[in-house]
Amino acid sequence: MKIMLMTDLEGVAGVLNNHDWTSPDGRFNEKGMRLLTEEVNAAVDGLFAGGAREVIIVDGHGSGAIDPEILDERAQLSRGRHEQVWPWGLDNTFHGLGFVGQHAKAGTPYSHITHTQNMRYIDLSINGVSIGEYGQLALCAMELGIPTIFACGEQALAVEAENLTPGVITVAVKRGLLPDGLDHLSAEEYKKAKLSAIHVSPKKSRALIRHGAFKAAERLRNDPRSFSYPKFAPPYVRTARFRTLEDKPAYQARDEHPNSITSLMNMPFTPLVTP
Ligand SMILES: [Zn+2]
């Protein structure tokens, strides 16, 4: 079994905020990278114990967040964009998709460092279903017929994952403390608005992740049909709403593709012209 693990930094236990931990000039960025890489190692260990034979780690954080030096030697690391951004190198040679360090989508209450791609998004939807970074890649996997088997990160992400992809095995390692309803904020304001959380200790998070990843691989081997996706039918319509950013105004976008969500995701946004 060959598994892709998409990774991000904001959903890791012990990553306490964005300014110190997730940006390359943050004073704890290196420590944050170590925390993510150790969570990834725990997932890799669980996946191999559950029957995986190959695991590709995708470093999906904007500025990079995997420390290659301490990565489990059985894993391979993918960094840098492919010919097309989506689906991040996922293809029919893979048997399953998992996530480590993932955060919930923009607008999610009781989420931590909440965002989709960047702080400007208010919402992104495909055919009326609101999705975040998790959903974007999961729907690409759906299109390839590859099950999404595992998701760890904050608790709000675990709920988002279970709702979108029934059967996925989730592990929650922190819980955001603040509600949302902040669509009126600018991107700069939203970036500072959701920075409170209660974290599982990193050591405990790794134990939980190892166990969850083991169960996910084992179930993929024994009962692959237990992982499922919602029904989507073409044509596919992507709608998006964005906040103000510096001197740029808020705007909405709408795009459509006749037969592929992945292709739709690779299209630039077409702003709606407001009269
Ligand atoms: Zn992210």
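Two strands are taken to pair if DSSP finds at least two bridges between them. In the predicted model, four strands form an open sheet on this basis, in the order β6-β5-β10-β11, with antiparallel pairing. L124 has A240 in β10 as its bridge partner.

The chain contains seven helices and eleven strands. Its radius of gyration is 18 Å, close to the 19 Å given by the globule rule for 275 residues, so the chain is as compact as a globular protein of that length. Along the principal axes, the C-alpha atoms fill a box of roughly 60 × 45 × 30 Å. Buried residues make up 48% of the 275 in the chain. Among contacts with a separation of 6 or more, 68% involve residues 24 or more positions apart.

Helix α2 (residues 29-49) packs against helix α6 (residues 202-222) at an angle of about 30 degrees, and their axes are 7 Å apart. The crossing of α2 past α6 is right-handed. On the α2 side, the contact comprises L35, E38, E39, A42, A43, D45, G46, L47 and A49; these meet P202, S205, R206, I209, R210, H211, G212, A213, F214 and A217 in α6. The residues of this contact divide into ten nonpolar, four polar and five charged.

Technical notes: Residues numbered from 1 in each chain as written. Predicted model: local features only at pLDDT ≥ 70, side-chain atom pairs only at ≥ 80, totals over all residues. Axes fitted to C-alpha atoms, helices over the stretch in contact; angles between N-to-C directions. Helix = DSSP H or I, 4+ residues; strand = E, 2+ residues; numbered from the N terminus. Left-handed = near helix turned anticlockwise from the far one by under 90°. Contact = placed C-beta atoms within 7 Å. Nonpolar A, V, L, I, M, F, W, Y, C, P; charged D, E, K, R; others polar. Rg over C-alpha atoms; globule rule 2.2 N^0.38 Å. Buried ≥ 20, exposed ≤ 12 C-beta atoms within 10 Å, placed from the backbone.
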